[in-house]
Each structure stands twice: as C-alpha cells, then as structure tokens.
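Keep the viewer open and try each task before reading on.

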Amino acid sequence: MKQLFIAGLLALGLAACHTQDSAPAAAASVGPAPTQDTTKTYPVSMLDNTKDPFCGMPASAGMEDTIHWNGKVIGFCSKECKEGFLKDPKGHPVTFK
Ligand SMILES: [Zn+2]
C-alpha cells in the first residue's frame, strides 16, 4: 500500500515537471512575430483600378491594401480608405484601367 502511495506521488511529480518544462518553451516559440511589412505596397500591375476610389490617390503612389470586388482587384492607399469604400461602394465609383 505504501509503495502505491509513493508511486502516485512520483507520477504527480513527473506530471508537474512536465507542465513546468513545456510552458516556457511554448511561450518562447508562440508570441506575436514582429511585422515589418506594414508599409508594403501592391504593384499597380496587379490592380484593376487606376486610383484609390475613396480618396482619389493614384494607384502608382502606392496601394497598401486591396480587396477582391466584383471579380476585380481594387487597391487602396490605406485600410481606412478600404473600409470607407466598403461602407459605401456606390458613393465611390471605381476607375478601372
Ligand atoms: Zn486612400
């Protein structure tokens, strides 16, 4: 009976060790990776519009966000412009190539 008790304690101890070992490793490997591509722009060649339909900025100035809309790729200079357009697409007609 005493041996069983000791075996149980050992099992508990091993389990505790295991969780303690795995926790720091997971925290180190997960964690948000630093994003360096916030200023990434899409080349005009992959867009179907010639200018940001929301603010009117030419696509050649650098489009940072895109949507697929009615089968076309529309570029926007910023996330704000994309969201503004999506709220009212009819109020901001897209100029296609
Ligand atoms: Zn814009």
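**Exercise 1.** Find which residues of helix 2 are buried, and what they pack against.

*Solution.* Step one: the buried residues of helix 2 (residues 79–87) are Cys81, Lys82 and Phe85. Buried means that 20 or more other C-beta atoms lie within 10 Å of a residue's own, exposed means 12 or fewer, and partly exposed is in between, with C-beta atoms placed from the backbone. Helices (H or I, at least four residues) and strands (E, at least two) are DSSP runs numbered from the N terminus.

Step two: these residues lie on the same side of helix 2, because they cover an arc of only 100 degrees around the axis, taken from the directions from the helix axis to the C-beta atoms. As background, an α-helix has 3.6 residues a turn, so residues three or four places apart point the same way.

Step three: on the other side of helix 2, Lys79, Glu80 and Lys87 are exposed. The buried residues pack against strand 1 (65–69) and strand 2 (72–76).

A note on the model: it is predicted, with local features needing pLDDT of at least 70 and side-chain atom pairs pLDDT 80 or more, while totals for chains, interfaces and linings use all residues. Residues are numbered from 1 along each chain as its sequence is written.

**Exercise 2.** Give the order of the elements.

*Solution.* The 2 helices and 2 strands run α-β-β-α from the N terminus.

Conventions:
Two residues are in contact if their C-beta atoms, placed from the backbone, lie within 7 Å.
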